[in-house]
Amino acid sequence: MYEILDLIDRFGPIIVFIGTFFEGEVFAIIGGFLAYRGTYPLELMAALALVGSFCGDLAVFLFARYFSDSRWVRRWTKKPKFAKALRLVDRFQAYFVIVNRYVYGLRVPGLIALGLSSISVPRFLVLNAIGAFIWAGLFTTIGYVFGYSITGVFARLEQMEHWAMVVVGVLLVALVAFIMWQQGGSLLRDRLLRRDRCDDDLSPSRTTAKRRND
């Protein structure tokens, strides 16, 4: 477990930036946790989370705005969540830009709906920057404040690692045995079926009947 922590420490800024660009809260909290450990300043982690979230939302918005006929955008517009996001955009356009990243499952369809809406690009940039600033500050602070609890979780996982590996190993062995039994059982059934057919073909009654027909 501590090897994982060392890996996160080493590539922390890259993980936070890329993670917040594509995903969200978990990686911002990781940034706050790294700041709690003293690996990086809290301001740096919050800034990376802000820039990552801002650029990720902007990329989806601009793609939907200028490539609305693409297959990827059309596939999203056919999903039920897009209709919900579109209704919210029509009613709360400005507020939706800020709160969209907090609603689980609506980030991408919401951004596509915004890209297809009448909101201007400059207005979206300003509102997106405000939303990213609040969001990054909130979740990196959560990671920093609860850093002690997160450290305790890793310590417990370290204690449980041995037994966890034993359980995983047993499950893997059982899975392999089950697959082999399934495959071996089907092969055995096929062989027995072919043998029964051969025995039937060579049985005296069937041989006699065949001679009579001849």
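The largest pocket holds about 430 Å³ of space. A pocket here is an open set of points on a 1 Å grid over the protein atoms alone, where a 1.4 Å probe fits, with protein on both sides within 12 Å along at least five of seven lines. Its volume is the space filled by probe spheres set on the points. The pocket is lined by 21 residues (an atom within 4 Å of a point). Nearest its centre lie Phe22, Glu23, Gly24, Arg107 and Val108. Helices H2 (12-22), H4, H5 (71-77) and H8 (107-116) each supply at least two lining residues. Helices are DSSP runs (H or I, at least four residues), numbered from the N terminus.

This is a predicted model: local features need pLDDT of at least 70, side-chain atom pairs count only at pLDDT 80 or more, and totals for chains, interfaces and linings use all residues. Residues are numbered from 1 along each chain, and side-chain values use heavy atoms, without hydrogens or water.

The chain averages a pLDDT (the predictor's confidence in each residue, from 0 to 100) of 77. Helix H4 (residues 42-66) scores highest, at a mean of 94, and helix H11 (residues 204-213) lowest, at 52.

Now the rings. There are nine aromatic pairs. Rings of Phe, Tyr and Trp (its six-membered ring) pair if their centres lie within 6.5 Å; planes under 30 degrees apart are stacked, over 60 edge-to-face, the rest tilted. Tryptophan 135 and phenylalanine 139 form a tilted pair, 5.6 Å centre to centre with 50° between the planes. Both lie in helix H9 (residues 121-145), four residues apart. Phe63, Phe67, Trp72 and Trp76 form one aromatic cluster.
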